[in-house]
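User: Can you take me through this model? I'd like to start with confidence and then go to the ligand.

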Amino acid sequence: MRLVLVGPPGAGKGTQAERLAERLDIPHISTGDLFRANLRDETPLGVEAKRYMDAGELVPDTVTVGMVRDRLAQPDAAKGFLLDGFPRTVTQAEALSGLLAEIGDELDAVVEFVVPEDELVQRLLGRGRSDDTEDVIRRRQQVYREETSPLLDFYRDRLLTVDAVGTVDEITNRVFEVLPDRR
Ligand code: B4P
C-alpha cells in the first residue's frame with residue numbers, strides 16, 4: 001500500500017498516520033518529523049529548515065524532495081509507505097510521481113482530512129510546539145490554501161475525502177472504510 005495523507009496543519013495527519021501505518025505494517029514517513037529530527041541533531045538541513053518552519057513557510061522543494069528521495073530509497077519502503085505531510089506542493093507531487101515511475105509504481109490512494117479552520121487553530125494552540133503560535137498557525141493555514149490545496153485537483157483520480165472531526169478512533173475507522181483493499 002502506498003498512501004499519502006493531505007490536510008491542513010492540525011488536521012491530525014501525524015496522529016492518524018502513526019495508527020494507520022502500524023495497522024497496515026508500512027513505514028510512517030513524516031517530513032515534519034524528519035525536519036525536526038535533523039533540527040535536534042543540528043544537521044545543516046535541520047538548521048536550514050528551522051527558519052522556514054518557525055515562520056510558517058514551506059521548506060524549499062529541492063531540500064524536501066531530496067530528503068524524501070533518500071528516505072524512500074531505504075529498504076523498508078519497498079513494501080509500501082504512508083507519507084504524512086508530503087507532498088505539500090504540486091512540484092513535490094510531480095517529483096514523487098517521477099520517483100515512483102522509476103520503480104514502476106504509483107500511489108494507491110491520497111486521503112484528504114477535512115477540518116474547519118477554527119477547530120484547527122484551537123487544536124494547534126493546545127499542542128504548543130514552537131511553531132504553534134497564533135500568527136504562525138494562521139500563516140500555515142494560508143500557505144495550505146495557496147500552495148497545498150491545488151494538490152487535491154492534481155490527485156482527483158485517487159482522492160479519498162474523510163471528515164476529520166471526531167474522536168481519534170472514529171477518524172481511523174473512517175479512513176479504513178474508504179481505503180482500497182490492497183495490502
Ligand atoms: P508537520 O509536522 O507536517 O505538522 P502539521 O501539519 O502542523 O500537523 P498535523 O496535521 O500532522 O497534526 P497533528 O496530528 O500533529 O509540519 C510542520 C512544518 O514542517 C510545516 O509548517 C513546514 O514548515 C515543514 N514541512 C513539513 N513537510 C513539508 C513539506 N512537504 N514541504 C515543505 N515544508 C514542509 O495534530 C495536531 C494537534 O491536533 C495535536 O495536538 C493533536 O493531539 C490534535 N488532534 C489530532 N487529532 C485530533 C482529533 N481527532 N480531535 C482533536 N484534536 C486532535
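Analyst: The notes below cover confidence, the ligand shell, the strands and some annotated sites.

User: What is the mean pLDDT of the protein?
Analyst: The mean is 95, and 99% of the residues reach 70 or more; pLDDT is the predictor's confidence in each residue, from 0 to 100. The ipTM is 0.87 and the pTM 0.93. This is a predicted model, where local features need pLDDT of at least 70, side-chain atom pairs count only at pLDDT 80 or more, and totals for chains, interfaces and linings use all residues. Residues are numbered from 1 along each chain as its sequence is written.

User: OK, the ligand. Which residues come nearest?
Analyst: Gly-12, Gly-14, Gly-32, Gly-85 and Arg-127, out of 29 residues around the ligand. A residue is near a molecule if its C-beta atom, placed from the backbone, lies within 6 Å of it. The elements giving two or more residues to that shell are α1, α2 (31-40), α3 (44-55), α6 (117-127) and α9. Helices (H or I, at least four residues) and strands (E, at least two) are DSSP runs, numbered from the N terminus.

User: Which element gives the largest share of the shell?
Analyst: Helix α6, with four residues.

User: And how many are nonpolar, polar and charged?
Analyst: The shell divides into 11 nonpolar, 13 polar and five charged residues. Ala, Val, Leu, Ile, Met, Phe, Trp, Tyr, Cys and Pro count as nonpolar, Asp, Glu, Lys and Arg as charged, and the others, Gly among them, as polar.

User: What is Gly-14 in contact with?
Analyst: Leaving aside neighbours within four places in sequence, Gly-14 is in contact with Ser-30, Gly-32 and Asp-84. Contact means that the C-beta atoms, placed from the backbone, lie within 7 Å.

User: Asp-84 is in β3, then. Which strands pair with β3?
Analyst: β1 (residues 2-6) runs parallel to β3 and is joined to it by four bridges, and β2 (residues 28-30) pairs with β3 in the parallel sense over three bridges. Pairing needs at least two DSSP bridges between the strands. Asp-84 stands opposite Leu-5 and also opposite Ser-30.

User: Which way do the β3 residues point?
Analyst: From β3 (residues 81-84), Phe-81 and Leu-83 point one way and Leu-82 and Asp-84 the other, and all are buried. In a regular strand the side chains alternate between the two faces of the sheet.

User: Back to α6. What does Leu-124 touch?
Analyst: Leu-124, in helix α6, is in contact with Pro-9, Gly-10, Asp-132 and Ile-137, leaving aside neighbours within four places in sequence. Leu-124 and Pro-9 are 115 residues apart in sequence and 8.0 Å apart in space, C-alpha to C-alpha. Leu-124 counts as buried because it has 21 C-beta neighbours inside 10 Å.

User: What does UniProt list as "binding site"?
Analyst: An unreviewed UniProt entry lists residues including Arg-88 and Gln-92. UniProt positions are given in the numbering used here, feature names are shortened, and annotations may be inferred rather than shown by experiment. Arg-88 is in the loop between β3 and α5 (90-102) and touches Leu-58, Glu-147 and Thr-148, not counting residues up to four places away in sequence.

Definitions and conventions
Two residues are in contact if their C-beta atoms, placed from the backbone, lie within 7 Å. A residue is buried if 20 or more other C-beta atoms lie within 10 Å of its own, exposed if 12 or fewer, and partly exposed in between; C-beta atoms are placed from the backbone.
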